[in-house]
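Keep the sequence and the 3D view open while reading. The text below walks through the structure one topic at a time.

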Amino acid sequence: TVIPTMAGEVPTVFDVLKPAALLSSLAAFKFWDASTWTPLQYLSWCTVIVLGLEIVAWLVSNIPKLFNTVILPKRGSHLDVLTSKDIAFICWNKFCTAVFTYHALRFCWYSKTVKWGLDELTLLNTVVALGGLFVVYDFFYHIFHRALHLRSVYKYVHKHHHNQHAPSRGTADAVNVHPFEFVCGEYCHLLAIFLVPCHIMTAALFVVGGGVVASLNHTRFNVSLLNVFDVKFHDQHHVVPTVNYGQYIMLWDYVFGTYHEYPHEKLKGQ
């Protein structure tokens, strides 16, 4: 993108931020090809994605309060103060989300199994595909998550996440994991999209909805949906780490015999 300036002058940051320059940059933006991006576009991309995460974090932490949602009791020690390592992991993983989002959109742009046209919307590539995406994702995530609990690797990766026995911060507690774990978990979404033909709207709802659900899983809100998703499922995992390995649903925990019901007597009097 060429930014108009006086003859012989080098564009300054103020020239780049002028409305005309911003519009010109946006018009030339190819979200599927980062090799064509300008430094401003790189910065803008990361800013928009991280800002989106912060908006989701705020909504997850505040919307349930409007409905007087029951608060789950803390059944383990709460990590009251985040360490410098916690903060570093949280910040790095949020940045990694911007990289993942680019790769996801790039894949969807070039994939022959992801439809983009409004006239290509069908029941199969929307409703059916959305369910399929969560089922396929959690199959691979269940196996990966269970492997992280093997004694030989647990202390090197997943133990960091389990320093928090009673998640409460939503997104912050959800992404407070070892970077290796976070990247693998994120790209399981891309693997699911690769395996399940869908519409771009379905893929977007899957990724964004997954982020909302993962954040809710790390709050104290007693939120559930048709007994398919329930915050109590994952809360039970933080109390008893060898059960309920699924991220979104408990299907594969039922199949592999690792499902453990939340003790409902703990909710009495809440």
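Leaving aside residues up to four places away in sequence, Leu 133 touches Ala 192, Ile 193, Val 196, Cys 198, Thr 202 and Phe 206. Touching here is contact, that is, heavy atoms within 4.5 Å. The model is predicted, so local features need pLDDT of at least 70 and side-chain atom pairs count only at pLDDT 80 or more, while totals for chains, interfaces and linings use all residues. Residues are numbered from 1 along each chain as its sequence is written, and side-chain values use heavy atoms, with hydrogens and water left out.

Buried means under 20% relative accessible area, exposed means over 50%, and partly exposed lies in between (1.4 Å probe, protein chains only). Helices (H or I, at least four residues) and strands (E, at least two) are DSSP runs, numbered from the N terminus.

Next come the charged side chains. How many salt bridges are there? The count comes to five, where a salt bridge is a side-chain nitrogen of Lys or Arg within 4 Å of a carboxyl oxygen of Asp or Glu. One of them joins Asp 235 and Arg 75 (3.8 Å, N to O). This pair links distant parts of the chain, 160 residues apart: Asp 235 is in helix 10, and Arg 75 is in the loop between helix 3 (39-66) and helix 4. Asp 235 counts as buried because its relative accessibility is 2%, whereas Arg 75, at 23%, counts as partly exposed.

Another salt bridge is formed by the side chains of Arg 169 and Asp 173 (3.2 Å, N to O). Arg 169 has a relative accessible area of 23% and is therefore partly exposed; Asp 173 is buried, at 3%. Asp 230 and Lys 232 also meet in a salt bridge (3.0 Å, N to O), and both of these residues are buried. Salt bridges with shared partners join Arg 75, Arg 220 and Asp 235 into one network.

The last stop is the loops. Ser 111 lies between helix 4 (84-110) and strand 1 (114-115), and is buried with a relative accessible area of 14%. The side chain of Ser 111 makes a polar contact with that of Thr 113 (2.9 Å). A polar contact is a pair of N or O atoms within 3.5 Å; within protein, one must be able to donate a hydrogen and the other to accept it, and residues adjacent in sequence count only if both atoms are side-chain atoms.

Most residues other than glycine have a negative phi. Asn 227 is not a glycine, yet has a positive phi of about 60°. Asn 227 sits in the loop between strand 3 (224-225) and strand 4 (229-230). Asn 244 likewise is not a glycine and has a positive phi, of about 55°; the loop that holds Asn 244 runs between helix 10 (231-239) and helix 11 (251-256). Are these residues buried or exposed? Asn 227 is exposed because its relative accessible area is 57%, and Asn 244 is buried because its relative accessible area is 0%.
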